[in-house]
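Let's walk through a structure together, one region at a time. Keep the sequence and the 3D view side by side as you read.

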Amino acid sequence: MLDIKWIRENPDRLAEALVKRQWSSEEARSAVDDLIVKDEARRAHLGQLQERQERRNAASREIGNAMRSGDSAKAEELKGEVTAIKEWLSGAEAMERTLDKALDDALAVLPNVPAHDVPVGADEHANVELRKVGTPRQRSNWTREHFEIGESLGMMDFERAAKLSGSRFTVLKGGLARLERALGQFMLDLHTTEHGYTEVQVPLMVKDEVLFGTGQLPKFEDDLYFVGVADAVLASDGAAIVSRSGEPIVVGRRLGLIPTAEVPLTNLVREEITPLEKLPLRYTALTPCFRSEAGSAGRDTRGMLRQHQFYKVELVSITDQDSSRDEHERMTECAEAVLRKLELPFRTMTLCTGDMGFGAQKTYDIEVWLPGQNAYREISSCSVCGDFQARRMDARYRPKEGKGTAFVHTLNGSGTAVGRALIAVMENYQEADGSVTIPEALRPYMGGMTKIEAR
RNA sequence: GGAGAGGUGGCAGAGUGGUUGAAUGCACCGCACUCGAAAUGCGGCAUGGGUGCAAGCCCAUCGGGGGUUCGAAUCCCCCCCUCUCCGCCA
C-alpha cells in the first residue's frame, strides 16, 4: 500500500511509476486523479464531521456540569442540541466510512513504485543480466528433460498423480522422492547454519487479512486456493455442498492456502512495533506452496515445472528503512549459494518494471540452467518491498533518530524452489545410461548414496 | 465437543456511566546529584488521522462490530481471540 500523503504530494511520480509498470498513460493519469479526488473528498468531509463531533463532546461535558450544579433547564436545552447533532452525525459518520473505504479500496490495488535503478521495460525480454555463474554443460544427443529421466527411472509418475488430483500434480517415488526431501533439508540447513536465518514452522492456511498484508488480496484472489468457506463449501464440480434441508453448509471463515511461505513469515511482525535492536529479522521456512495457476493455462504443462503444489524454502527479512537495499543484495547471494553448492550453472537477472511483482520495488530472479530445455529457468525470485507490505500489515519499529514509529521494510526470496531444484539436479547431473549422479553437497542427506538409477 | 475465566498504553496492571486517553509500577528518554556508574530526585513518554509555518488545537481508538444514553473502557447484543479444567484425538 502506498502512502496517500506521498501520492498527494507526488502525483506525477505515481503516474510515472504506473506507466513504467505498463499502464497506459491515460489509465495512470485517471487512476491518480481518482485518488486525489477521493482523498480530497474524504478530508473535506472529515473536517466538517470533526467540527460537529467536537461540539457534541463539549455540549455533553456541559450537561454534566449543569446537572452537577442543579441547572436542569440548561441541561435539557443542551440535550436537545446534542440530539440534533447526533442525527446529523449518524449520516455523516456513515458517509465517512464510505469515503474511507473508497480511498482504501483504490489504494489497495495500486502496485508498488519501482526503485529508481530498475530497468524500464515491458516484459521479461527487457530484464538485465546481473551476473552469470558456471558453464552450462555440453548437450549430448542423449540429453533429456527431467520428466523423461524421471519416468524412465520409474520414480516420477504423472498419470497416477492425475488420477488423484488432475493435472499439474506429480507423484515421486524412491530415490527422487528422497532427493526432493534431501534438497529441502540441505537448503534449510545452509540458511540456518551459514546465513543466519531462523528456521520457522508456519501455518499453511491463513486469514484473508494476512493475504492482504503481503499483497495477494484483493487483486490476486484467483491465484489462490481456499479451504473452509467463502459462502459455502464447494465440491469439485463447483456445486455447493448442502445440508439435508438444502442450505449451503457454512463452516465459518475461509482460510487461504499459502502460495508461498512469504505470506506467513512476513506477517509474523504484523500489527507489532518491533524493537530496533531486533532488526534485521531473518526467517526461513520449508513449506508446500499452493497455486491455482489460473492465468497460465497451457504453459509448462509437461513435467513438474509448474505445479499446483510444490515445496519451497523461503527467505524473509524484516529490516529498518536504511538497510533494506543492502539486505536485498545479501539475500540474493544467500539464494545463489544454494546453486553454487550444488554446482548448478545459473544467471541472476534484474527484472524490468513490466516483469516485477505487485509489491516489489526491485526484484532479482535467479535462473538455473536446464540442459533438457536448453534454457535458463527461474528457480528463485528475491524482492525488496520497502514499506509497501508493512503499511498493509501495520508492521512498525521505533527508529533511533526522530520520534514515533516507522514502517519496517520487508524482503522475500526463494532459497530456493525445491521442486525446480530437483529438476535442475536431474537434468544437469543426468548420465548417458539414464541414471542421475547425486551432487556432492547432497550425499550426506542421501545416506551416502552417489547415484540414482532404475532398479 | 462441554464448562468456566479473560482480552486496557512497549510490558505488568488499576479503573464499572461524567474533564479517564486512562492510576500505579517496570522499561525507555532528558535533566539534577556523581570523577564515572549505581541508587535517588525532577520532568517527559500510546497509536492513527484532520488542521496549522510552528507552538498548538481538534477527532477517533481501552480485541472487532452493533446498541442503550446528553455522555460508554465501564451497561446490553453478536463476533473474534487467549487461558484453565474435562472429554476426544495425530
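A polar contact is a pair of N or O atoms within 3.5 Å; within protein, one must be able to donate a hydrogen and the other to accept it, and residues adjacent in sequence count only if both atoms are side-chain atoms. Here is an example: a polar atom in the side chain of Asp 3 is 3.1 Å from the backbone nitrogen of Lys 5. This is a predicted model, where local features need pLDDT of at least 70 and side-chain atom pairs count only at pLDDT 80 or more, while totals for chains, interfaces and linings use all residues. Residues are numbered from 1 along each chain as its sequence is written, chains are lettered from A and ligands numbered from 1 in the order in which they are written, and side-chain values use heavy atoms, with hydrogens and water left out.

Stay with Asp 3 for a moment. Asp 3 sits in the segment before α1 (helices, H or I, of at least four residues and strands, E, of at least two are DSSP runs, numbered from the N terminus). Because its relative accessibility is 26%, Asp 3 counts as partly exposed (buried means under 20% relative accessible area, exposed over 50%, partly exposed in between, with a 1.4 Å probe and protein chains only).

Of the RNA strand B atoms that come within 4 Å of the protein, 78% belong to sugar and phosphate. Individual contacts show this too. Arg 56 has a polar side-chain atom 2.6 Å from a phosphate oxygen of RNA strand B, and for Asn 57 a side-chain N or O atom is 3.2 Å from a phosphate oxygen. Which element gives the largest share of the surface near RNA strand B? That is α3, with eleven residues.

Finally, look at helix α10, residues 324–342. Its 19 residues should span 27 Å at 1.5 Å a residue, which agrees with its end C-alpha atoms being 28 Å apart (the expected span is 1.5 Å times one less than the number of residues). Several residues of α10 are buried, including His 328, Met 331 and Leu 339. Just after α10, Glu 343 takes a positive phi of about 55°.

How values were computed:
A residue is near a molecule or strand if one of its heavy atoms lies within 4 Å of it.
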